[in-house]
Amino acid sequence: MTTKEIIAIEDRYGAHNYHPLDVVIEKAKGVWVWDVDGNRYLDCLAAYSAVNQGHCHPRIVNKAKEQLEKVTLTSRAFRNDQLPFLCKELCELTGYEMMLPMNSGAEAVETALKAARKWGYKVKGVEENKAEIICCTNNFSGRTISIISFSTEEQYKDGFGPFTPGYKIIPYGDVELLEQMICSNTVAFLVEPIQGEGGVIVPPEGYLQRAFEICRKNNVLFIADEIQSGLGRSGKLFAFEYEKIRPDAVIIGKALSGGCYPVSAVLADKKLLGVFNPGDHGSTFGGNPLGAAIARESIKVLIEEKLIDNSFEMGNYFREKLNEIKSKHVKEIRGKGLFIGVELHPEAGGARRFCEALKDRGLLCKETHTNVIRFAPPLVITKEEIDWAMERVTEVLAMD
Ligand SMILES: *Cc1c(COP(=O)(O)O)cnc(C)c1O
């Protein structure tokens, strides 16, 4: 079947909640993907940073196959022999005392919000049903009703009310307002250390540090949504490590499974995750042995193959090369590690047409927030591959 025919089927039978580039991928390896016509592309989106380890990493795929033939799902009604080790290994890696496994990122965010509320009532002593959580403008933490309740993106909310109460929104990067907004009912501050969907926005230096101190002073939990920025994407294990803080909770997902399976988690100490008692919260698939085995291997690959260092170094190289391109369209180049945003001037006519042009030249990336091209390739990318990409990017940014 041709690309056109396959797309026609999806358009006919699938809900239209996405606007994908018209490329139909049938296989992938490392940083490369191939479409059904045999064309090869360099993947500079990495499934929104879920395939940091590269597509179909052989170690992760083999581990998945091995586990598939043993046991895939027990539910948490019984125990399995993989989840305990995933918990232990993640805690040892990150220095937190506990973890709670879920599947999608949004579920892990919901879990953190529930933990924060319960902590507020049972530990901090907030009056029943009065807990408040502070979030930032331009955030993205998923698509559930509660999460979109604190979105500032009109489209994410339009038609989906009524919304969950208990959220306050302040501008990303503003610590004064954070301090002013905190009251005795505030239980948590939820923040992305680098905003991904918001357009790869790096906050002002010192912002996370000061926000963290304000939270600590006021007995408010500092919760970092590292679902996209974490696990090496920013050139560190976690993007918050660029400042000297230790969040009360860290939410991870996406690359936790190397793109092989949905696995997410909340990491925190016992004083927070200890609020959950049996029956309080759960998920049929959360912590299943297939996902746990895949996540264990994905973390090992990230560490043993030094992908975090590669992200740091290749990210610097990538941005250096981008900075050498002289284009009238570029307003700003920003990011950390291989988490890179190129913001175009509004007159450039939107990032989409540049992404389409890149696709035609064998490079896949996706616009975010109309005017930003995000470059976030798998962390296994090499200098040669970046040079290859740069030839295409240079060409496309020279368009009228
Ligand atoms: C992708 C993302 C989520 C949601 O993850 P899903 O797996 O799509 O539910 C939450 N927070 C951030 C920062 C993300 O980038």
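The crossing of helix 3 and helix 11 is right-handed, meaning that the near helix is turned clockwise from the far one by less than a right angle. This is a predicted model, in which local features need pLDDT of at least 70 and side-chain atom pairs count only at pLDDT 80 or more, while totals for chains, interfaces and linings use all residues. Side-chain values use heavy atoms, without hydrogens and water, and residues are numbered from 1 along each chain.

Helices here are DSSP runs (H or I, at least four residues) numbered from the N terminus. Axes are lines fitted to C-alpha atoms over the stretch in contact, with angles from 0 to 180 degrees between N-to-C directions.

| Helix pair | Axes come within | Crossing angle |
|---|---|---|
| helix 3 (residues 58-68) and helix 11 | 9 Å | roughly 160° |
| helix 13 (residues 352-360) and helix 14 (residues 383-397) | 10 Å | roughly 135° |

Helix 3 is thus roughly antiparallel to helix 11 (over 145 degrees). Contacts (heavy atoms within 4.5 Å) involve, among others, I60 and A64 of helix 3 and L290 and I294 of helix 11. In the other pair, F354, A357 and L358 of helix 13 meet R392, V393, V396 and L397 of helix 14.

The largest nonpolar core has 80 residues, with F189, F222 and F375 making the most contacts inside it. Such a core joins buried Ala, Val, Leu, Ile, Met, Phe, Trp, Tyr and Cys residues through side-chain atoms within 4.5 Å; buried means under 20% relative accessible area (1.4 Å probe, protein chains only). Helix 11 (residues 289-304) gives the most to this core, seven residues. Because domain 1 (3-57 + 306-397) and domain 2 (59-304) both contribute residues, the core lies between them; the bounds come from an automatic or database domain assignment.

How values were computed
Buried means under 20% relative accessible area, exposed over 50%, partly exposed in between (1.4 Å probe, protein chains only). Helices (H or I, at least four residues) and strands (E, at least two) are DSSP runs, numbered from the N terminus. Angles under 35 degrees count as roughly parallel, over 145 as roughly antiparallel, 65 to 115 as roughly perpendicular and the rest as oblique.
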